[in-house]
Amino acid sequence: MKKMTAAAIYARISSDQTGEGLGVQRQLEDCRRLAKDRDWVIAGEYVDNDVSAYSGKPRLAYERMVGDIVERRIDAVLVYHLDRLTRRPVELEHFIDVCTVAGVDVTTVTGDVGLGNDNGLLIARITSAMAAAESGRKSARIRRKMLQNAQMGKPNGGANRPFGYESDRITIRDAEAAIIREVVSRYLDGESLNSLTRWMNEKAVPTSGVADSWSVRTLRPILISGRIAGLRDHHGKTVGPAVWPGIITPEQHETVLDTFASRHIERRPPHLYLLSGLLRCGRCGNTLVTTSPRGVRRYTCTRTPGSSGCGQLSINASMLEEFIAPAIVLRLESPEIGPVLVARAEPGQHPEQLGEVVRAQQAMLQLAAMLGAGELTRAEFLEARKAAAARHARAVKRLDRVAGIRLFDGWASEGAAHMSAWQQLPLARRREIARTVLTSAVVQPRPRGARVLDPTRVELVWAT
Ligand SMILES: [Zn+2]
């Protein structure tokens with residue numbers, strides 16, 4: 001008979017998600033449904049109330065669940081989203097170790113993380129590093145409230161009625177919606193914004209603001225807004241579906257953005273962007289160039305005379321950089337950085353430091369093998385790995401220094417502080433580091449209907 005999978009459900013409501021935040025009940029219901037779909041038995045439900053996963057305060061249910069994983073009472077963990085589980089990178093590493101040893105995998109309602117494979121691990125680590133950086137940055141209550149409104153898709157206040165909608169900001173005004181649809185369709189067919197504003201003025205379409213006629217400056221923000229697609233924008237980024245209906249579809253909105261980006265290429269020195277030169281188009285392999293339509297930086301595949309680009313792919317630069325930066329920092333801290341340094345050091349030079357890096361590397365590999373063979377307990381492994389990792393980090397930094405590679409120059413801080421150290425480095429240094437550890441990153445086309453950056457869209461090719 002097939003052994004039943006015993007699943008643990010973990011749910012948490014934190015104080016930073018007040019009022020209408022995603023309640024525990026909803027998290028539990030979704031997890032229970034997923035367990036049922038997979039034919040899993042629920043071995044236990046672990047719920048922490050009002051404790052932030054970032055604060056470092058003890059979470060009793062979480063601790064109890066970890067204990068049950070260690071004692072092999074659980075085969076799988078179900079959680080609504082990874083940020084419910086932990087938002088602290090150190091804690092995540094511990095959790096991964098515990099799960100690896102116990103052979104437990106984590107499944108989320110919002111998408112399989114699969115801690116058991118390399119890509120899943122990377123995504124989990126990046127999610128956690130990003131969440132930590134985010135928690136550290138945000139403190140002002142007002143900003144949080146605005147973001148929350150945005151995430152719930154509620155409209156912002158404002159003096160003027162949005163064009164296309166009634167003054168409740170939710171009900172579509174049909175006559176204006178028809179204009180918007182026509183403008184979008186003609187714009188996508190290649191008509192210029194200038195020509196479209198002329199047409200609107202000839203038709204005497206009234207504006208919804210103070211201006212008495214249409215100009216590119218009034219039409220452009222409407223055309224490229226997520227609002228008309230029923231999406232809630234916050235600081236120039238779409239954060240999710242809005243409470244009001246769309247006049248065009250989210251797919252049309254994305255096509256507008258891509259078209260807009262490829263038509264308005266900004267000529268400026270490429271060194272202003274962290275990843276310029278490193279990104280490839282997943283459709284055609286062309287190198288992405290930098291653009292900034294509406295002041296929003298984007299990496300774009302362009303179709304211009306003399307380039308072979310397909311012109312059909314574009315990605316928000318800040319969003320991509322916020323995703324890749326923690327990955328670079330984690331890569332710097334990982335054992336894989338040793339060979340990169342060894343490869344870059346002059347052959348025959350610094351034999352002593354090179355040797356130490358290689359030995360430290362081997363020690364870490366050996367520990368993993370011993371853990372796999374059951375020669376070490378979990379506690380012994382964790383203890384030994386900590387020491388080996390510290391030895392490796394020291395060796396790598398020493399080689400970096402004597403060989404003048406400068407990868408770790410300015411990295412005085414350790415561990416969790418690395419992310420903020422990174423943010424304080426000048427852009428030139430961050431670019432230099434990015435170019436050392438990353439060979440390229442391939443950006444895949446956006447899946448239909450996706451509204452936020454899907455980590456699986458980006459394939460990182462590390463230098464080895
Ligand atoms: Zn392309």
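Author: Contact means heavy atoms within 4.5 Å, while helices (H or I, at least four residues) and strands (E, at least two) are DSSP runs, numbered from the N terminus. This is a predicted model: local features need pLDDT of at least 70, side-chain atom pairs count only at pLDDT 80 or more, and totals for chains, interfaces and linings use all residues. Residues are numbered from 1 along each chain as its sequence is written, and side-chain values use heavy atoms, leaving out hydrogens and water.

Reader: What covers the buried residues of α12?

Author: Buried means under 20% relative accessible area (1.4 Å probe, protein chains only). In helix α12 (residues 337–344), the buried ones are Ile337, Gly338, Val340 and Leu341. They line one face of the helix, because they fall within an arc of 165 degrees seen down the axis of α12; the arc is that of the directions from the helix axis to the C-beta atoms. Their cover includes α11 (317–333), α13 (351–372), α14 (378–403) and α16 (427–437).

Reader: And in what order do the 4 strands form the open sheet?

Author: Two strands pair if DSSP finds at least two bridges between them. Here the order is β2-β1-β3-β4, with parallel pairing. β2 (41–49) and β4 (105–108) are the edge strands, each pairing on one side only. β1 (residues 6–13) pairs with β2 over 8 bridges, and Arg12 stands opposite Asp48 in β2.

Reader: Which strands does helix α1 lie across?

Author: Angles run from 0 to 180 degrees between N-to-C directions, with axes fitted to C-alpha atoms, for helices over the stretch in contact. Helix α1 (residues 24–37) lies across β1, β2, β3 (76–79) and β4, at about 160 degrees to β1.

Definitions and conventions: Buried < 20%, exposed > 50% of the residue type's maximum accessible area, 1.4 Å probe, protein only.
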